[in-house]
Amino acid sequence: MGLDVHGIRVPIQPHEVSPEIWSALQSGRYEANEAQKVRRVIQPNDMVLELGTGLGVVTSIIASVDGVRVWSFEADPITAQLAQRVIDANCDDNVMLTNGI
């Protein structure tokens, strides 16, 4: 089962996240403000440093802009694995995700 969140494919199962996060993903509340703002701010060919990838939804929105390159860091290894799955489902080779701080 996969979700569509802000136009991004999210191939995550309910048991992989908390009930609160799953509810926010299902309802479209997950990072809704951030998703809206990055669509207005990111320009073609921008280079973006993102600290705190989360599940990779906003990362994928950023990476969908033509010519954009994203360097994203996520401290939590489990979250980074989930984010990589979302990024792989939505992005070309323009995102470099690193687990660490």
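The protein has four helices and five strands. The model described here is predicted. Read along the sequence, the elements follow the pattern β-β-α-α-β-α-β-α-β. The radius of gyration is 13 Å, close to the 13 Å that the globule rule gives for 101 residues, so the protein is as compact as a globular protein of that length. The C-alpha trace spans about 35 × 25 × 20 Å along its principal axes.

Some totals describe the chain as a whole. Buried residues make up 40% of the 101 residues. The protein exposes about 5,800 Å², and carbon and sulfur atoms supply 53% of that area. Among contacts with a separation of 6 or more, 54% are between residues 24 or more positions apart.

## Strands and crossovers

Strand 3 (47–51) and strand 4 (residues 69–74) can be taken together. Strand 3 pairs with strand 4 in the parallel sense, over five bridges.

Strand 4, helix 4 (residues 77–90) and strand 5 form a right-handed β-α-β unit.

Which residues of strand 3 lie on its covered face, and which on its uncovered one? V48 and E50 are on the covered face, while M47, L49 and L51 are on the uncovered face. In a regular strand the side chains alternate between the two faces of the sheet.

## The nonpolar core

The largest nonpolar core has 29 residues, of which V10, L25 and I62 touch the most other members. At least two residues of this core come from each of strand 1 (3–5), strand 2 (8–10), helix 1 (19–27), helix 2 (32–41), helix 3 (57–63), helix 4 and strand 5. Helix 3 gives the most, with five residues.

Leaving aside neighbours within four places in sequence, V10 is in contact with G2, L3, V5, L25, V57 and V86.

I8 is in strand 2. This residue counts as buried because its relative accessibility is 6%, and the cut-off for buried is under 20%. With neighbours within four places in sequence left aside, I8 is in contact with L3, V57, S60, I61, V86 and N90.

A35 belongs to helix 2. With a relative accessible area of 1%, A35 is buried. Beyond its neighbours within four places in sequence, A35 is in contact with H6, V58 and I61.

R85 is found in helix 4. Is R85 buried, partly exposed or exposed? At 32% relative accessibility, R85 counts as partly exposed. The limits are under 20% for buried and over 50% for exposed, so a value in between is called partly exposed. Apart from neighbours within four places in sequence, R85 is in contact with P11, I12 and E16.

## Separation in sequence and in space

| Residue pair | Separation along the chain | C-alpha to C-alpha distance |
|---|---|---|
| R85 and V10 | 75 residues | 8.0 Å |
| I8 and T59 | 51 residues | 9.9 Å |
| A35 and V86 | 51 residues | 15 Å |

## Two loop residues with positive phi

H6 lies in the loop between strand 1 and strand 2. Although H6 is not a glycine, its phi is positive, at about 55°. N45 is placed in the loop between helix 2 and strand 3. N45 has a positive phi of about 70° and is likewise not a glycine. At 59% relative accessibility, N45 counts as exposed. H6, for its part, is one of the residues in contact with A35 of helix 2.

Methods
Residues are numbered from 1 along each chain as its sequence is written. This is a predicted model: local features need pLDDT of at least 70, side-chain atom pairs count only at pLDDT 80 or more; totals for chains, interfaces and linings use all residues. Side-chain values use heavy atoms; hydrogens and water are left out. Two strands pair if DSSP finds at least two bridges between them. A crossover is right-handed if, with the strands pointing away from the viewer, the path from the first strand over the helix to the second runs clockwise. A nonpolar core is a set of buried Ala, Val, Leu, Ile, Met, Phe, Trp, Tyr and Cys residues joined through side-chain atoms within 4.5 Å. Buried means under 20% relative accessible area, exposed over 50%, partly exposed in between (1.4 Å probe, protein chains only). Contact means heavy atoms within 4.5 Å. The radius of gyration is taken over C-alpha atoms; the globule rule is 2.2 Å times the number of residues to the power 0.38. Accessible areas come from the Shrake-Rupley method with a 1.4 Å probe; for residues, only the protein chains shown count as cover.
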